[in-house]
Amino acid sequence: MKAKKALSLFMTAVLAAAMLTGCGGGRGTEETSQTTDTPAAVEETAETGNTQDTETAEPAETEEEAGTASSGGGIVGVALPWLGTQNWAEAEVMFKEQLEAAGYEAIIQAADQKVPQQQQQIESMIENGAQVIVVGPVDGSQLGSVLEKAKDAGVYVIGYDRLLENTSGVDGIVQFGRVKTGELQAQALLQGLEELKGEAPYNIELFGGGPADPNAPNFFTGAMSVLQPLIDDGTLVVVSGQTDFTQCATVDWDNSKAQSRMDAILAGNYSDIEIDGVLSPNDGIARAIITSCENAGQPIPVVSGLDAENESVEWVWSGRQYSTVAKPTNALVAETVSIIDSLLSGNGMPATEVTANNGVIDVPVYELPPVVVTKDNAKEVFADDPDRLALLTD
Ligand code: BGC
């Protein structure tokens, strides 16, 4: 069995209990929990193209040698970036519910957008014997050394919702299609402009998310793949001239920063013209943009969004926000828990065709489809979501 660093007394006790009860361990014990007659899991993980496949593909010890057979149970850490948008607040609750229902002990922490705080939280999860750590990074590129530490300690690391960049200490990423999300936002913006704002050309502005979040430039890239040709042919006019991600980004996804930027853009460029539409990377920023336009006496522009936050679902229903994109947290958490089940029962990472290069390795990506929501399809999209469905009342 692979030696684990920082083996606390607590961890020793956990391992001893695992030996007695037959609970599966982390990466180290997972390798050994393969019995010689189950080569399928090894083949399956070898297809993912992850450089860490060599670890799972090592010849398995017998069950006798390992002293453990695969079964449920184990400690799972979940490190979230903050709780400032509904999706992360939901993730905190849903991970606890779903992990406990699956028989795991959950250690769940949020980092208030602070990288050192998140590094410390992950360290303490390693020290407390987590066999899998799920990470939604504050900054996708700042966790390299702590994730390497996790890897050396035999802990599996799964990126949740956001990529983990520039590190080999990641086994897979679970997320909604990040480029697709941006494409959907831009397509909805165009659809709304055609529906509500007459003939082109249309005056628009562009907003991006937090630059430390690897999703933000990807959302923006997806959106610009749809919008740029129409900016080039004059259908869309970005009146401020601000079209680079760096100009459009919103530090820390902070709604008030987005509102101040919108205020300044309106004051500087729209004193005698109307704004028709705004690309917004999520719902909180969408509401800030709409509020800014209302305060400036502008007619409400067509604004995109993301997350299907309750307040924005109400705004979409009442016509105040044109669209959002649903990426149901319960589905993403369920997908993550099923990967944890696979890992901790000794079956390795499930196969996937999709990978993302994180600067160091090609990371297996488990992708769910985001769905655009407008007033027209809201009832359909939320048919199985009674909480959101209940918001769609006249
Ligand atoms: C998530 C969004 C969220 C944003 C700000 C992104 O990484 O994908 O759902 O709105 O972070 O929290």
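Contact here means heavy atoms within 4.5 Å. By that criterion, and leaving aside its neighbours within four places in sequence, V76 is in contact with L99, Y104, E105, A106, I107, V132, V134, I340 and L344. The model is predicted: local features need pLDDT of at least 70 and side-chain atom pairs count only at pLDDT 80 or more, while totals for chains, interfaces and linings use all residues. Residues are numbered from 1 along each chain as its sequence is written, and side-chain values use heavy atoms, with hydrogens and water left out.

A nonpolar core is a set of buried Ala, Val, Leu, Ile, Met, Phe, Trp, Tyr and Cys residues joined through side-chain atoms within 4.5 Å; buried means under 20% relative accessible area (1.4 Å probe, protein chains only). The largest such core has 68 residues, and those with the most contacts inside it are V76, V132, L206, L227 and I340. Helix α10 (residues 215-232) contributes the largest share of this core, 8 residues. Apart from it lies another core of 24 residues, among them A79, V146, L164 and A356.

Helices (H or I, at least four residues) and strands (E, at least two) are DSSP runs, numbered from the N terminus. Of the residues in strand β5 (residues 172-176), 5 of 5 are buried. One side presents G172, V174 and F176, the other I173 and Q175, and both faces are covered.

Two strands pair if DSSP finds at least two bridges between them.

| Strand paired with β5 | Sense | Bridges |
|---|---|---|
| β4 (residues 156-160) | parallel | 3 bridges |
| β12 (residues 362-368) | parallel | 4 bridges |

Within these pairings, I173 is the bridge partner of G159, and E367 in β12 is that of Q175.

Technical notes:
Buried means under 20% relative accessible area, exposed over 50%, partly exposed in between (1.4 Å probe, protein chains only).
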